[in-house]
Amino acid sequence: MKIKTLPHLFSICKLKSVENDIFNKEFSFLSVTDEEISLVCKTEDIPENVISRKDTMMGFRIEGTLDFSLIGILAEITTALAEAKVPVFAISTYNTDYIFIEAKHSFKAKSALKSKGYEI
């Protein structure tokens, strides 16, 4: 299975409110619950209404479209990263899954995934 390293640095943010311009940015992952508003976006696209944030995150995308009947793909990847002591932040979209890690763990993460047979 192929995993692509995304060519941007990302930030994970907690927001005060949702602004309309967030939806016009590439790589914007927005979650709104009864407890919080979270945004994962390219660091260069962080809106002004941020309450807190975690910067210097890098992203990986599982290549291709994953069928909803597939089982354990995200679990296998996060297990490989957990065994390498790499903390993850995962997001699923309709087509595929994304994994975000702190950039300082990049080498360790890539090595762990390659050792499990993933093509980076």
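Q: What makes two residues count as a contact?
A: Their heavy atoms lie within 4.5 Å. The model is a predicted one. In it, the buried residues of α2 pack against β1 (3-15), β4 (50-62), α1 (73-83) and β6 (97-102).

Q: Which residues of helix α2 are called buried, and what makes them so?
A: Buried means under 20% relative accessible area. In α2, residues 106-115, this holds for Ser 106, Ala 109, Ala 112 and Leu 113.

Q: How do you know where on the helix the buried residues of α2 lie?
A: Viewed down the axis of α2, the buried residues fall within an arc of 135°, so they line one face of the helix. An α-helix has 3.6 residues a turn, so residues three or four places apart point the same way.

Q: Which residues are exposed on the other side of α2?
A: Exposed means over 50% relative accessible area. Phe 107, Lys 114 and Ser 115 are exposed there.

Q: What comes after α2?
A: Gly 117 follows α2, and its phi is positive, near 95°.

Q: What makes up the secondary structure of the protein chain?
A: The protein chain has 2 helices and 6 strands. From the N terminus their order is β-β-β-β-α-β-β-α.

Methods. Residues numbered from 1 in each chain as written. Predicted model: local features only at pLDDT ≥ 70, side-chain atom pairs only at ≥ 80, totals over all residues. Heavy atoms only, no water. Buried < 20%, exposed > 50% of the residue type's maximum accessible area, 1.4 Å probe, protein only. Helix = DSSP H or I, 4+ residues; strand = E, 2+ residues; numbered from the N terminus. Arc of directions from axis to C-beta.
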